[in-house]
Amino acid sequence: MSLLNEVQKRMLQTILGRGAEGASQAISRWIGEPVRLLPGEVEQVELAAAAEALGPPEGLVAACLMGLTGPLGGSILLCFEDRAGLALVDLLLRQPIGTTTEWGEVERSAAMETANIVGCAYLNALAAHLPSSLGTTTAGELAPTPPVFFHEFAGSLLQFALINQALDLDKVLLVRTTFETGGAGARLDWNLLFIPDAPSLAALATALAGGDAA
């Protein structure tokens, strides 16, 4: 598997930061108050380390999995610690934080719509700032598939969510992301796992080595 060096990871962090700006604007319009998504450093970690980053193994987490279509293959997984995910739903439904206590159909739909917004924003940023060979090609536009919702224990989530990729996975790209909203005073921690397949990671590493992500 290709490994990204520190310069490549910082370049990818810059690109995802621009995607976070786009996602922040879209979510702000949706919920009617300003919010900010603040992505942290890009880490390339073992699958076990990624699972540990989701929280205690016995803790429940919510997650939305999206596949990649177009010139990159693989998946994006947006994960919320259970409390953070339910608080997000309260914000989206414009009700006091703590109102939502379980994941029903409406709550799952709200989480998946959020994941779709974030996934589209990040992939648009990738397509805009990487060479045209990884933007829009004959393989189609770089875009996420419709999200699939999971509500599992942190220790087993990745086994279920990445069952089709797990045998080929060595490392994944982990981005810890903070969601802030001024109006409700909420600060929620998310984790974004960017999991390109091996050929796509190699192509991404080559593109980032080109240094034209500015």
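The axes of H1 and helix H6 (residues 198–209) come within 9 Å of each other and cross at roughly 90°. This is a predicted model in which local features need pLDDT of at least 70 and side-chain atom pairs count only at pLDDT 80 or more, while totals for chains, interfaces and linings use all residues. Residues are numbered from 1 along each chain as its sequence is written, and side-chain values use heavy atoms, with hydrogens and water left out.

**Exercise 1. State how H1 and H6 are oriented to each other, and describe the residues of their contact.**

Step 1. The axes are lines fitted to C-alpha atoms, for helices over the stretch in contact, with angles from 0 to 180 degrees between N-to-C directions. Angles under 35 degrees count as roughly parallel, over 145 as roughly antiparallel, 65 to 115 as roughly perpendicular, and the rest as oblique. H1 and H6 are therefore roughly perpendicular.

Step 2. On the H1 side, the contact (heavy atoms within 4.5 Å) is made by Gln8, Met11, Leu12 and Ile15, and on the H6 side by Leu204, Ala205, Leu208 and Ala209.

Step 3. Sorted by class, the residues in the contact of H1 with H6 are seven nonpolar, one polar and no charged; here Ala, Val, Leu, Ile, Met, Phe, Trp, Tyr, Cys and Pro count as nonpolar, Asp, Glu, Lys and Arg as charged, and the others, Gly among them, as polar.

**Exercise 2. Work out how H1 is placed against H4, and which residues of the two helices meet.**

Step 1. Helix H1 covers residues 6–31 and helix H4 residues 105–129, and the two pack at an angle of about 140° with their axes 8 Å apart. That angle makes H1 oblique to H4.

Step 2. From H1, the residues that take part include Leu12, Ile15, Gly19, Ala23 and Trp30, and those they meet in H4 include Ala110, Ile117, Ala121, Tyr122 and His129. The contact of H1 with H4 comprises 15 nonpolar, four polar and two charged residues.

Step 3. Ser24 also lies in helix H1, and with a relative accessible area of 8% Ser24 is buried, where buried means under 20% relative accessible area, exposed over 50%, and partly exposed in between (1.4 Å probe, protein chains only). Residues up to four places away in sequence not being counted, Ser24 touches Val35, Arg36 and Leu37.

**Exercise 3. Find how many aromatic pairs the structure holds, and classify the pair of Phe80 with Trp190 and that of Trp103 with Phe149.**

Step 1. There are three aromatic pairs in the structure; rings of Phe, Tyr and Trp (its six-membered ring) pair if their centres lie within 6.5 Å, and planes under 30 degrees apart count as stacked, over 60 as edge-to-face and the rest as tilted.

Step 2. For Phe80 and Trp190, the ring centres are 5.1 Å apart and the planes stand at 85°, so this pair is edge-to-face. Phe80 belongs to strand E3 (residues 74–81) and Trp190 to strand E7 (residues 186–196), so the pair ties together parts that are 110 residues apart in sequence. Phe80 is buried at a relative accessible area of 1%, and Trp190 counts as buried at 2% relative accessibility.

Step 3. For Trp103 and Phe149, the ring centres are 5.0 Å apart and the planes lie at 50°, so this pair is tilted. Trp103 sits in the loop between helix H3 (82–92) and H4, and Phe149 in strand E5 (residues 148–153), so parts that are 46 residues apart in sequence are tied together by the pair. Trp103 and Phe149 are both buried.

**Exercise 4. Locate Val175, decide whether Val175 is buried or exposed, and name the residues in contact with Val175.**

Step 1. Val175 lies in strand E6 (residues 171–181), and at a relative accessible area of 2% Val175 is buried.

Step 2. Apart from neighbours within four places in sequence, the residues in contact with Val175 are Leu16, Pro39, Gly40, Glu41, Val42, Trp190, Asn191 and Leu192.

Step 3. Val175 and Gln13, which are 162 residues apart in sequence, have their C-alpha atoms 8.3 Å apart in space.

Methods: Helix = DSSP H or I, 4+ residues; strand = E, 2+ residues; numbered from the N terminus.
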